[in-house]
Amino acid sequence: MKNANTVRSMLGGPALILLIGALVPLLLTSGFHLRLVSIICIYTILCTGFNLLYGYAGQISMGQQGFFALGAYGFTLLMATAGWSFSAALPAALVICAVVALLIGIPLLRLRSHYLAMATLCFGLVFAGVASRWIEFTGGTAGMMVPSLKFAGHIVSRTELYYALLLLMVLVLLLQNFIVSTHMGRALMSLRGDETAAQSLGVNVTAWKLRIFVLSAVLAGLAGIASALVSRQVNPSFSEFPILVSILTIAVVGGLGTRYGALLGACVVVIAPQGLTAFGESETVIYGVCLLLFLMFMPHGLSGLFPTLFRRLRRKAVAPAIGAAQAGEAKP
Amino acid sequence: MEQIGVILLAGLTNGSVYGLVGLSISLIYGTNRVINFAQGEFVMLGVMSAILFMVTLHLPTWAAIGAILIVAILAALVLELGVYQPLMRRGAAPLTIMIGTLAAAIIASGIALLIWGPLQLAVPNVFSLQALNLGPLVTNAQQLAIIGVFAGLLLVTWYLMYRTPFGLCIRATGVNARVASLMGIRADRVVRFGFIFSALVSGIVGILIGPLLGGQVGMGVTLTVKGFMAAILGGLGSPFAAAAGGVMIAVVEALVAGYGSSLYAEPIIFSLILAMLFFRPYGLLGDFEAGRR
């Protein structure tokens, strides 16, 4: 499987994204815009995990915002309250996310479709409830401040933070491409198709579900930590409903089960509301209508627009097998 | 002794509400395998239009109730014709349709925000809120009405589902819509009836619960989720299991809040659901439903 073409399709996109991302700060004028592109990186990391879980493996989780907040709170509590260093708090917070995902994943992943969706949603809501009401520990609805990062006495600036996030996002995309284009991706997609068939072909269904659930929880936690660092605070809104709506919107708008759908969707979801603020109070309605229209008329999202175009271009250059493989991938 | 009576009564009141939302969700799910994420928004519309018709327009109570129920039916038709049908025609998966109903919920609360604003509003009561002594218990007519309506609607649903030819059609469509169509059942009408009936139930819940909760445009989500928790705990397959799940959740919630702190109520319920799922993945009273796609 591992020929030059597979490697090229794995590395090409992320390399291009890295290049464009590295140039973006040169074009931006205000700190606010830098913040927006940082949030795009965060949402991309968060939704890449969701995409692997739902888009590729077909296991829906509506509790990703819980892990998002868990990562952010874990990191902040370890760093600000317990006084750990950044290099210790970051992996520790991710380990917390992984352990919690493992613990709730074992009973939950016996469920399918709606049941799984609702049960994970319960987790997210319970987390939001605890975060806002356990005031002594989490600071209640006001949340907690996150100290700015220091490396060897040097305070990390917003631009440097953005570059770190960009690199992180590209690494996450590389990881996703690696998983998708190897036997792991095949195993995950077989879960989406038919679990019984997958099992009879020798795929360990339970183990793969659990692995991908934990991975997506860790990615959500990572995004949460990044979000805490960018906004310099954590509060219960990290685990609340709007984050879940954003995740679902990004997945639907970008295209489920596509490699760069998370990034495309994140760009739209972060940038579009900047235009919508002009509509004032009707913003929510317009948001919902757009989500509905995308579901109806572009079920494969923005990514669905490109494959035919890409395939035509590709087919001239490389073997048709790649095009066919990617078409198979884009199927929801 | 008196305390536990009051707690259980409060639990039963909330349980009636969660149970009726769970019953509505389960009814729609039973006809077309779609989870309606906008179910709580129907309740919200019921509450908010009660304010509109009773306070703003000063309609007499019976006319207002009629108007509220018409609003609920219209909302159900909009959801069915505007969201469910188009997605279904395009062959969307049930989970995609669920995200579609979520979009509908966002639109509904967005429109409500435009009409009523973000503030919590007082809702007029149909029944008296005066304290009423019932043996050792202190209650009020509104609370008793909620419990009574809960029992009444359960009975109506049961009669409809199991004692009428139309109920047989509903159950047949739930088992397999295509085969039901081959038998001459108009499955699309059964689905439409599911949406309308559940919206009516939610509208009635809205009229009753409004004075106790207060009206706020964001209240739908919480109710939807409580309804789902009820349906998961009881089992999505049967409306009555979902209703029982709702009562269970609310009683646990009331007991924990009464003897401990409301902080622990939600985590405890969630842990209970998790533990239950471990042993009975398809709900306490459901059996095969969750295993199918």
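In this predicted model, helix α12 (residues 261-276) of chain A and helix α13 (residues 283-297) of chain A have axes that come within 10 Å and cross at roughly 140 degrees, axes being lines fitted to C-alpha atoms, for helices over the stretch in contact, with angles running from 0 to 180 degrees between N-to-C directions. That angle makes α12(A) oblique to α13(A), since angles under 35 degrees count as roughly parallel, over 145 as roughly antiparallel, 65 to 115 as roughly perpendicular and the rest as oblique. Helices (H or I, at least four residues) and strands (E, at least two) are DSSP runs, numbered from the N terminus.

Residues are numbered from 1 along each chain as its sequence is written, while chains are lettered from A and ligands numbered from 1 in the order in which they are written. Local features need pLDDT of at least 70, side-chain atom pairs count only at pLDDT 80 or more, and totals for chains, interfaces and linings use all residues, with side-chain values using heavy atoms and leaving out hydrogens and water.

**Helix packing in chain A**

- The crossing of α12(A) and α13(A) is right-handed, a crossing being left-handed if the near helix is turned anticlockwise from the far one by less than a right angle, and right-handed if clockwise.
- Val269(A), Pro273(A) and Leu276(A) of α12(A) meet Glu283(A), Ile286(A) and Tyr287(A) of α13(A), where contact means heavy atoms within 4.5 Å.
- By class, this contact of α12(A) with α13(A) has 5 nonpolar, no polar and 1 charged residues; Ala, Val, Leu, Ile, Met, Phe, Trp, Tyr, Cys and Pro count as nonpolar, Asp, Glu, Lys and Arg as charged, and the others, Gly among them, as polar.
- Helix α2 (residues 31-56) of chain A also packs with α12(A), their axes coming within 8 Å and crossing at roughly 140 degrees, which makes α2(A) oblique to α12(A).
- α2(A) passes α12(A) in a right-handed crossing, and the residues that meet include Phe32(A), Leu36(A) and Tyr43(A) in α2(A) and Ala262(A), Val270(A) and Gln274(A) in α12(A).
- The residues of the contact of α2(A) with α12(A) divide into 12 nonpolar, 3 polar and no charged.

**Helix packing in chain B**

- Helix α2 (residues 39-56) of chain B and helix α8 (residues 187-213) of chain B pack at an angle of about 50 degrees, with their axes 7 Å apart, which makes α2(B) oblique to α8(B).
- Their contact involves, among others, Gln39(B), Phe42(B) and Gly46(B) of α2(B) and Ser198(B), Gly206(B) and Ile209(B) of α8(B), and its residues divide into 6 nonpolar, 7 polar and no charged.

**Salt bridges**

- The structure holds 3 salt bridges over all chains, each being a side-chain nitrogen of Lys or Arg within 4 Å of a carboxyl oxygen of Asp or Glu.
- Glu195(A) forms a salt bridge with Lys209(A), their closest N and O atoms being 3.3 Å apart; the pair links distant parts of the chain, with Glu195(A) in helix α9 (residues 195-200) of chain A and Lys209(A) in helix α10 (residues 205-231) of chain A, 14 residues apart.
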